[in-house]
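Please open the structure in your viewer and keep the selection tool at hand. The tour below moves from one selection to the next and says what is there.

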Amino acid sequence: MNDSYRPTFNIHEAVRKTLPYMMEMREYFHAHPELSEKEFDTCKTIFQELSLMGIEDVRIIAGTGVTGLIHGALPGPVVLLRADIDALPLTENYDCPYSSLVEGVMHACGHDGHAANLLGVAKILNKHKDCLRGTIRLAFQPAEEGNGGAARMIDAGILNLPPVDYALGLHVAGSLPKGYVGIGRGEIASSCDDFTITLHGRGGHGSQPSACISPIQMGVDIIQLIQNFVYNRYADGDGIVLTFGQFQAGHNPNVIPETAVLKGTLRTYHEEKRRIILDALEQILKNVTTTYGGFFDLDVVPFSPVCVNDDGVTDKVTQILQQHCADRVKLIALKRGAGSEDFAYFSEAVPSSFYYVGVYGDAPVSGHSPDFHWDSNALKYMCETLLHIVYYFESY
């Protein structure tokens, strides 16, 4: 720490007073989940809440995203704070007073909490601008779940006017208990490419396979070949995962179909290896379909690059949490996993840091599951850590 700066208010007390508001907002969002690019009510609600707070430059951006500015009274950097807001196409199993009211849609990844937390953070920051150093750019991001929301916000200019110097983000962690924070330097989330393969053969009667070109058999060979390639080429387990999640073909046991559709995902931590595997996939498709006499279509949709925590920014964040939040949260080293996070687009553009906040009580809970749930009072750990980072950022 390089100066004697202190905020003019008690952050812990401000969070305690704001927690009921954040809990109310989280539970409203949870009961009214909306899928990517359809976050119309969520967007409207956030816009209204920010406007009522008196936040500057409140506007809709990138379709259903919302942004705003908070100018501190003291000089300092421009810091973007990001919260994603979309839900998932799942039917909720967990029964609580604020369970999803929308059949087939639920907040199974914690984005309801992210949005509610950033609203609480904005409320406190705006109230205490007198001791805020720099400017805060709020980014309530739509379409994180595979639809390029972060990239579209950047394309819409959220990093300009004023130019953003740093970006910060957080995510609930169902694998960590309440009061724990996971953070780490460098690569923290893998790149992600979702792909769809359509195999075209020649259909016919199941009793005459020699008169047909089976897209099912082609698909079986393709899955085995690309999985074998990945395993044998990268058996060192270097964070590479290639998974097939769909194989759809045919309707009858005695009919060979014309087409088959395979869908999968590739996760890596290295751009060169990512490119090699995608090239190998295309070559295997060419070889197999040529051998059988069929053909293919391949559609690769990049979800995100590797998410990288800047060493300097992350060291600052870690020191702030260690020195100002040690009595309330316990820091642990973040272990690199195969999950992906489109905050990566922000970390690719400006020095950034992204961390995980534990939310489970008695036992771990799995995200992207119909049973995902956590107590709204965990919002206090999100809010308190982010506020301390923002207010003390220039002191480290």
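With which residue does glutamate 341 form a salt bridge? Select arginine 82 together with glutamate 341: the closest N and O atoms of this pair are 2.5 Å apart, and a salt bridge here is a side-chain nitrogen of Lys or Arg within 4 Å of a carboxyl oxygen of Asp or Glu. Glutamate 341 lies in the loop between strand 15 and helix 8 (344-349), whereas arginine 82 is in strand 3 (residues 74-84), so the pair ties together parts that are 259 residues apart in sequence. Helices (H or I, at least four residues) and strands (E, at least two) are DSSP runs, numbered from the N terminus. Both glutamate 341 and arginine 82 are buried, where buried means under 20% relative accessible area, exposed means over 50%, and partly exposed lies in between (1.4 Å probe, protein chains only).

Before going further, note that this is a predicted model, in which local features need pLDDT of at least 70 and side-chain atom pairs count only at pLDDT 80 or more, while totals for chains, interfaces and linings use all residues. Residues are numbered from 1 along each chain as its sequence is written, and side-chain values use heavy atoms, with hydrogens and water left out.

Next, select arginine 274 and glutamate 271, which form a salt bridge with the closest N and O atoms 2.7 Å apart. The two residues are 3 residues apart in helix 6 (residues 271-292), and therefore separated by about one helical turn. Arginine 274 counts as buried, at 13% relative accessibility.

Move on to helix 1 (residues 11-31), where arginine 16 and glutamate 13 are 3 residues apart, about one helical turn. Their side chains meet in a salt bridge at 2.4 Å, N to O. Arginine 16 is partly exposed at 49% relative accessibility, and glutamate 13 is partly exposed at 28%. The structure holds 15 salt bridges.

For the pocket, select Cys109, His171, Gly339, Ser340 and His368, which lie nearest the centre of the largest pocket among its 35 lining residues. A pocket is found on a 1 Å grid over the protein atoms alone, as an open set of points where a 1.4 Å probe fits, with protein on both sides within 12 Å along at least five of seven lines, and lining residues have an atom within 4 Å of a point. About 1000 Å³ of space lies in this pocket. Strand 5 gives the most to the lining, with 6 residues, and other strands that each supply at least two include strand 8 (191-200) and strand 12 (259-268).

Turn to the cysteines: how many disulfides does the structure hold? There are 0, a disulfide being a pair of cysteine sulfur atoms within 2.5 Å. For cysteine 131, the nearest cysteine sulfur is that of cysteine 383, 14 Å away. The sulfur of cysteine 383 is in turn 11 Å from the closest cysteine sulfur, in cysteine 325, which is too far for a bond. Cysteine 131 is buried at 2% relative accessibility, as is cysteine 383 at 0%.

Finally, select Phe247, found in strand 10 (residues 241-249) and partly exposed at 34% relative accessible area.

Conventions:
Grid points are joined across faces, edges and corners, and a volume is the space filled by probe spheres set on the points.
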